[in-house]
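Subject: Structure handover

Hello,

Here is the structure for you to take over. The notes on what was found in it follow below.

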Amino acid sequence: MPEVNEESEVRQENLGGFAALGLSTRVLKAIQEMGFEEPSPIQERTIPSAMQGRDVIGRAQTGTGKTAAFGIPIVERLDRTIGVQALVITPTRELALQVSEEIARIGKFRGVKTLPVYGGQPYERQIRALRMGVPIVIGTPGRLLDHLGRGTLNLSRIRTLVLDEADEMLDMGFIEDIEKIFASAPQERQTMLFSATFPPEIERLSRRYLRDPVRIAIAPEQVTVPQTEQAFYEVRGHDRIEALSRVLDMETVERGIIFCRTKKEVDELSEALRARGYMAAGIHGDLTQRERERVLGRFRQGEVELLVATDVAARGLDIEHVSHVINYEIPQDAEAYVHRIGRTGRAGRSGVAITLIEPKEFRQLRDLERGIGQRIQRRELPSLEDLWDKRRERVKAELRAVLRSGRSLAQLRELVRELLEDEAEIDSLDVAAAALQLHVNGAEAVPVEEDFGDTGAEPGMVRLFINVGRAQGIVPADVVRAVANLSGIAGNVIGVIDIYDRFTFVEVPKAEATRVMHALQSGQIKGRSVNVEPARRRS
Ligand code: AMP
């Protein structure tokens, strides 16, 4: 194994496994910023060979960390004096974007730029970027061929070629296109192929185009599973936090550990949960021993009900009576899954393990099931009505308990009587219902309209200023999506959206403005935290 880079100033103690892979300081720093603590199995095994320029065949799918497994070596092997040096072919536009963003993050401190090219986007922008000589291009086969045909993409200096999700490309009928692209690249190059499955056609492709490849398979190992009730909920990416909240409310989680992949996710999720009124705290490798002990102490004593953690931080945790383990992000493999869910149901008590799954992760879920040799039961995300039914029963039980307790209610009865005398048009049922409204939803449920002054919006609306704009790639759909998903207001009540280079204005109904502001502040737009303020009228 290569030696640890000596000039490194980054906090290597938090990046033990990555530092041992012989990465440069700048890449280690980027990985630290991305919040990765340890290399995933595929990364641990791919990176050393790929850094030496070997061809690689990886049997791995999304969620295993395969992007960084090829992205890190690509960034490390760049030689900045020439044009396009690495090409990644992906089956879909979404994947191209994701891969491009992830490699750009890895290359951040090396000043490395990446360019996603896919159909549907204007050619001019892509051509300009290609002319400027981006070193790493990530694209879908059709558009890549177009560029090759127009002479706007030159592959003659490619050093690394990656085929990502090869089996998907096969299913989508892209194999011929891929072979044409391969033919335009120099013979002398590194080729990496990643695929979740290896049908004969993919095997043929590998034999034809890869030279003495290192084969890396992250085989789902058979592992022993503790006696824990296991279920998964299907969620769609954007409303994960909302979905999690519903699950938390429905499942009556007394003391739960919620697992995330990265330190960043831990911080963001624990904050978002606190903003929603849960007693949540996060732990990960950046905490000092003291901070860690303090959080764990509060969790043991019940001051914190939800512990949000990375796998590394949760290792060796010894906490009794964890009622639920929740995989906010699906774990990397069956072994990690079993480690996680083993945190619940200790000391003879039963526990529940819940995993949130996006439709595109179903294959990973099946792999997990194969690895543990069990089916994981599907549960439907509770609707607002289900939650209300549950809450109703709870409130009724609480009220009955107070009424039966024999506690004196004289003072409060007096208060009700006064109200009834003052307000001729209400009766005692109204008062009781209003009191319950406060109890159930808190004062927040009653929209209190703040005075935002003149923000230059249409009547009845408030114009909000957000500190991201075109330069951050923001388009109107991002704003609508973020506002609607984070604050729960309907997309069609959102008013005018003006996007400038470095900031954006959006108009929202006055009654919702406070909520939207808070929701955006604690959430993200296109993966970025933002600052939101009421706009000031232009003079
Ligand atoms: P991929 O399989 O490349 O699609 O990666 C799945 C997700 O895992 C992405 O969000 C990555 O940012 C994240 N990820 C990749 N490697 C690691 C790691 N070593 N530790 C934590 N998260 C990771």
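Of the 539 residues in the chain, 48% count as buried. Please keep in mind that this is a predicted model. The C-alpha trace spans about 90 × 65 × 45 Å along its principal axes, and the secondary structure comes to 21 helices and 20 strands.

Domains

The domain assignment gives domain 1 (12-217), domain 2 (230-382), domain 3 (392-441) and domain 4 (461-534). Taken over C-alpha atoms, the centres of domain 2 and domain 4 are separated by 29 Å.

Ligand

- T67: an N or O atom in the side chain is 2.5 Å from an oxygen atom of the ligand.
- Q43: a polar side-chain atom is 2.7 Å from a nitrogen atom of the ligand.
- K66: a polar backbone atom is 3.3 Å from an oxygen atom of the ligand.

On its own the ligand has 500 Å² of accessible area, and the protein covers 86% of that.

Strand β12 and its partners

Strand β12 consists of residues 324-327. It pairs in the parallel sense with strand β9 (residues 256-259), over 4 bridges. H324 in β12 is the bridge partner of G256. Strand β13 (residues 352-357) also runs parallel to β12, and 4 bridges join the two. In that pairing, I326 stands opposite I354 of β13.

In a regular strand the side chains alternate between the two faces of the sheet. Which residues of β12 are buried on each side? H324 and I326 are buried on one side, and V325 and N327 are buried on the other. Both faces of β12 are therefore covered, given that buried means under 20% relative accessible area.

E165 sits in the loop between β5 (160-163) and α8 (166-171). Is E165 buried or exposed? Its relative accessible area is 16%, so E165 is buried.

K526 likewise has a positive phi of about 50° without being a glycine. The loop that holds K526 runs between β18 (524-525) and β19 (528-529). With a relative accessible area of 47%, K526 is partly exposed, because that class covers values between the 20% and 50% cut-offs.

Single residues

K263 belongs to helix α12 (residues 263-275). Its relative accessibility is 3%, so K263 counts as buried. The side chain of K263 makes a polar contact of 3.2 Å with the side chain of D286.

I57 is part of strand β1 (residues 56-59) and is buried, with a relative accessible area of 3%. I57 and G491 are 434 residues apart along the chain, and 44 Å separate their C-alpha atoms.

L464 is part of strand β15 (residues 461-466). Its relative accessible area is 0%, which means that L464 is buried. How far apart are L464 and A513 in sequence and in space? They are 49 residues apart in sequence, and the distance in space is 8.1 Å from C-alpha to C-alpha.

Regards

Note on methods: Residues are numbered from 1 along each chain as its sequence is written. This is a predicted model: local features need pLDDT of at least 70, side-chain atom pairs count only at pLDDT 80 or more; totals for chains, interfaces and linings use all residues. Side-chain values use heavy atoms; hydrogens and water are left out. A polar contact is a pair of N or O atoms within 3.5 Å; within protein, one must be able to donate a hydrogen and the other to accept it, and residues adjacent in sequence count only if both atoms are side-chain atoms. Accessible areas come from the Shrake-Rupley method with a 1.4 Å probe; for residues, only the protein chains shown count as cover. Buried means under 20% relative accessible area, exposed over 50%, partly exposed in between (1.4 Å probe, protein chains only). Two strands pair if DSSP finds at least two bridges between them. Domain bounds come from an automatic or database domain assignment.
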